[in-house]
Amino acid sequence: MKITIGLEIHEQIATNTKLFCNCSTSYREVKPNSNICEICTGMPGAKPMPPNRKAIDAAIEIALMFNCEIIQEPVYIQRKHYSYPDLPSGYQRTSLPIAKNGNLLGIGIWEVHFEEDPGKYDPVTGRVDYNRSGVPLVEIVTAPQLHSPEEARNFLRELTKVLQYTGKTREEGGTMRVDTNISLEGGARVEIKNINSVRGAYKALLFEITRQKNLMTHGRSVKRETRAFIESQMITRAMRVKEEAEDYRYIPDPDLPPVAITNEKIEYIKNILPEAPHLKEKRFIVEYKIKADDAKIIASELELANAFEKVAMVIPAQQAASWIRDEVRRILEYNGISFKNSGIEPDYIIELLNMMNSGKITVRTAKKVMELLPELRKSPRIIVEENSWVKISDENYVEAACEDALKENPGAVKDYLSGKREALNFIVGRVMSKTRGRADPARVLEILRKKVEGVMK
Amino acid sequence: MGTLDEKLHSLRAGEISAEQNIQNFLDKIENEKYNAILYVNSEALEEARNVDRKIKQGRAGKLSGLAIAVKSNINVKGLKTSCASKTLENYSATYDATVIERIRREDGIVIGMANMDEFACGSSGETSYFGPILNPAARGRIPGGSSSGSAASIAGGLSDLAIGSDTGGSIRNPASHCGIIGIKPTYGLVPRQGLIDLAMSFDQIGTLGRDVYSTALLLEVIAGYSKREAVSRKVENLDYTSKLTPDLEGYKIGYVTEFEELTDRRINSEIKKSLEKLEMQGAELVEVNLPNLNKALPTYYLTTFVEFFSATRKYDGRRYGYKIEDVCGEEILRRIHIGSYISQKEYSGKYYRKALQFRSLITRELLEALRDIDLIAGPTTPKLPHRLGEKISPLDMYSYDVLTVQAKQVKSEISLLEYSFRQNLLKNRRFSM
Ligand SMILES: [Zn+2]
């Protein structure tokens with residue numbers, strides 16, 4: 001059965017001030033109603049200030065990342081009228097498209113525009129917090145060209161990556177809102193609102209497909225309607241049918257002249273545009289000949305990808321890629337941080353891998369130093385020196401440590417000799433601990449084996 | 001009573017104090033019978049004493065303690081900015097409109113909030129929730145509207161100056177009916193930040209006074225670019241008072257034949273006399289045709305109804321106590337319903353957008369007419385004020401605006417304003433701009 005899905009994605013644009021006033025855009029970390037003024041609370045007589053150009057430029061940049069054509073005629077900002085407690089003026093200001101006809105992963109992007117976020121209404125207390133009111137949003141509307149919840153999820157993940165690449169949306173995340181429309185072959189189009197995450201979109205679509213298929217198998221028709229996603233239960237619930245569709249009575253906002261986007265501006269932004277993640281991924285595979293899986297992970301964050309390219313100038317590319325994919329990612333995930341905020345500099349990675357490759361430190365030491373980087377934030381060379389972690393290359397010293405370890409663990413030696421080969425690994429561990437990890441474990445194993453088997457003879 | 005120019009001299013010379021000036025008006029307001037002032041600024045005397053100190057130190061601003069009445073749709077922090085409606089009867093402004101900041105900066109003193117037609121929707125001064133305003137210049141007649149209280153406070157001697165707002169004639173019309181001077185400046189010249197909306201693309205704050213000089217002086221104070229709003233004109237050299245000269249040599253003044261056809265013959269004969277005076281002062285009179293004049297009024301009302309509908313959505317009962325539709329007068333309700341009706345999706349092309357197209361047409365026509373002349377002179381209203389309380393149909397009421405909506409369609413003709421001061425020097429009281 002053919003499934004058709006389209007998405008409307010709203011994401012907050014990261015600016016210091018709101019779209020139509022000079023209030024700060026921070027609304028999470030401050031007391032309710034502290035970053036407000038007469039404009040963003042829609043007091044009688046308040047007029048919007050000229051729109052925040054940084055927000056508009058950000059929307060243009062985002063549109064260009066999706067290969068959109070930027071609209072050359074002046075763009076009107078409209079009033080979309082509806083009544084809700086979080087909307088202080090009884091209308092939301094939303095621009096006409098600033099860009100059209102883009103694409104991402106082969107899916108068409110119909111249009112991109114900007115608008116203002118409403119405040120936050122708490123139905124339990126009946127209070128409204130206007131700190132968020134007037135924060136700029138970008139809305140991206142796709143063509144109905146997705147065909148499964150998995151495909152939609154994949155698309156949204158990629159889109160999130162692209163937005164993060166631009167650095168123009170809020171870094172802390174969790175601000176994405178998605179509306180989706182879905183129709184099954186032979187059924188009407190259903191819109192789902194109130195989705196707040198990629199996972200939510202996936203779950204809502206899964207539920208909706210099951211619901212619609214059930215209706216059809218029981219010979220009932222799927223109504224054209226708008227439904228709300230209830231995240232706590234992972235279900236959708238009817239909001240209104242088509243006949244009750246709201247008329248927003250759009251008019252161009254008389255307080256705002258249309259926004260002109262100049263050719264110079266478009267060219268300027270094109271020049272500073274980062275390469276899109278999926279393109280970067282492809283380039284890495286071709287240019288550096290690294291594994292496709294590694295390229296995908298490295299390209300997931302712009303700063304990480306940039307670091308890789310810097311490291312790969314000095315270190316063999318596949319080694320750099322594997323190290324970043326395995327070690328760096330592991331540490332980022334363990335600490336729950338992005339590479340950008342990790343304190344790990346590309347130069348540190350180069351230094352570390354050079355020390356490791358030249359045999360100055362062991363692989364084990366290298367991994368340990370790597371783990372310490374987000375906390376210590378200093379050069380690996382200095383960390384190694386301060387802790388005296390330079391690899392011991394004095395054979396006599398290592399041999400003596402092996403000798404001691406064998407004497408201290410006769411049981412393990414006996415086990416090994418009786419066929420339990422893994423018992424020797426235990427003794428390797430003892431030697432490593434005696435040398436505080438500075439011995440080369442491969443060499444230790446070699447020495448131990450020679451010694452134990454020598455005893456046997 | 002001397003001119004305001006002379007009063008300013010006396011204030012600066014210390015012959016009268018700002019405190020005396022304000023006290024004098026407060027006494028008059030207490031006993032006023034025009035219902036012109038709804039709410040008095042209880043801090044006016046304190047503010048006046050501060051201005052007196054500044055006068056002594058020789059650093060008082062241009063308005064040096066003059067009393068200004070403010071129309072009740074312009075936000076003055078802490079004062080009731082009710083729009084003369086029950087809808088906002090409990091709303092105390094939380095901020096100063098930009099024009100109020102500018103008046104304070106020049107040491108003008110807000111004496112009180114003036115009565116008006118409810119939400120500025122009216123041309124007669126009869127629709128205020130707080131009762132009609134009386135015309136101090138013509139007993140028993142309407143004062144005109146909607147800045148009725150502002151005009152009556154000047155005509156009735158309750159303030160030195162007043163500010164009002166004009167959308168389709170709301171300053172010029174009551175100024176004309178009350179026999180004073182009133183000006184609607186070019187759209188975008190005076191900041192609207194803090195002016196409660198009637199129709200955003202027409203609304204403009206302007207000044208009212210007893211003579212041209214004081215009206216020009218106050219305009220000089222409140223006009224000029226503001227970066228706090230998106231529609232603001234970047235105009236330099238805002239000096240109107242020094243340009244007031246009776247010499248009209250070399251000026252071309254247009255008179256519109258279509259105006260004459262629409263206007264009462266008693267008014268026409270006054271206009272004729274005034275035009276002759278202008279000619280005597282050296283101006284050349286030129287006949288001007290505005291064939292699309294008949295489209296101006298419907299265009300204006302279609303546009304304003306839709307914008308008014310949009311502007312009043314915030315009065316939904318959640319924040320200001322009452323839902324506007326539940327407590328407003330019939331004229332307000334009529335406008336909201338028509339505005340809501342014609343802004344529906346299915347009609348947007350037919351009405352609002354068509355009105356915007358006609359507006360461009362009328363703008364072009366007027367700009368074309370103004371290309372070869374310096375200004376257009378004409379009557380403010382087509383008929384004399386009716387008796388207070390007399391029942392007239394909404395269409396007759398709207399027709400008061402037929403001559404004033406025209407200029408409003410034009411968003412961008414600064415010269416219209418600048419030169420129109422000159423003719424007013426002739427002390428012709430029938431003129432309002
Ligand atoms: Zn604000």
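**Burial, charge pairs and contacts**

Biologist: What is the relative accessible area of A:Glu116, and is the residue buried or exposed?

Modeller: A:Glu116 is classed as buried; the term means under 20% relative accessible area, with exposed over 50% and partly exposed in between (1.4 Å probe, protein chains only). The relative accessible area of A:Glu116 is 11%.

Biologist: What pLDDT do side-chain atom pairs need in order to count?

Modeller: Residues are numbered from 1 along each chain as its sequence is written, chains are lettered from A and ligands numbered from 1 in the order in which they are written, and side-chain values use heavy atoms, leaving out hydrogens and water. This is a predicted model, in which totals for chains, interfaces and linings use all residues, local features need pLDDT of at least 70, and side-chain atom pairs count only at pLDDT 80 or more.

Biologist: Which residue forms a salt bridge with A:Arg93?

Modeller: A salt bridge requires a side-chain nitrogen of Lys or Arg within 4 Å of a carboxyl oxygen of Asp or Glu. A:Arg93 is buried, at 6% relative accessible area. The closest N and O atoms of its pair are 3.7 Å apart, and the partner is A:Glu116.

Biologist: Which residue of chain B belongs to the salt-bridge network that includes A:Arg93 and A:Glu116?

Modeller: On the chain A side, this network of salt bridges takes in A:Arg79, A:Arg93, A:Glu116, A:Asp253 and A:Asp255. The member from chain B is B:Arg192.

Biologist: How many residues apart in sequence are the parts tied together by A:Lys451 and A:Glu403?

Modeller: The side chains of A:Lys451 and A:Glu403 meet in a salt bridge of 2.9 Å, N to O. Because A:Lys451 lies in helix 15 (residues 441-456) of chain A and A:Glu403 in helix 12 (residues 395-408) of chain A, the pair ties together parts whose separation in sequence is 48 residues.

Biologist: Which helix of chain B gives the most to the side that touches chain A?

Modeller: The contact (heavy atoms within 4.5 Å) takes 38 residues from chain B and 32 residues from chain A. Across this interface the rule finds three salt bridges. Helix 10 (293-311) and helix 13 (352-370) of chain B each supply at least two residues of the side of chain B that touches chain A, helices being DSSP runs of H or I of at least four residues, numbered from the N terminus. With five residues, the helix that gives the most is helix 10.

Biologist: Which residue of chain A is in contact with B:Val306?

Modeller: B:Val306 lies in helix 10 of chain B and is buried, with a relative accessible area of 1%. Leaving aside neighbours within four places in sequence, its contacts include B:Gly339, B:Ile342, B:Ser343 and B:Tyr352. The contact from chain A is A:Ile251.

Biologist: What arrangement do the four donor atoms form around the zinc ion?

Modeller: Donors are N, O and S atoms within 2.8 Å of the metal (3.2 Å for Na, K and Ca); water is not among the atoms, so sites may look incomplete. The protein donors here are the SG atoms of A:Cys21, A:Cys23, A:Cys37 and A:Cys40, 2.3 to 2.4 Å from the zinc ion. Four donors count as tetrahedral if all angles lie between 85 and 135 degrees. The angles here are 102 to 114°, which makes the arrangement tetrahedral.

Terms used: Four donors count as tetrahedral if all angles lie between 85 and 135 degrees; four count as square planar and six as octahedral if opposite donors are over 155 degrees apart and all others between 65 and 115; anything else is irregular.
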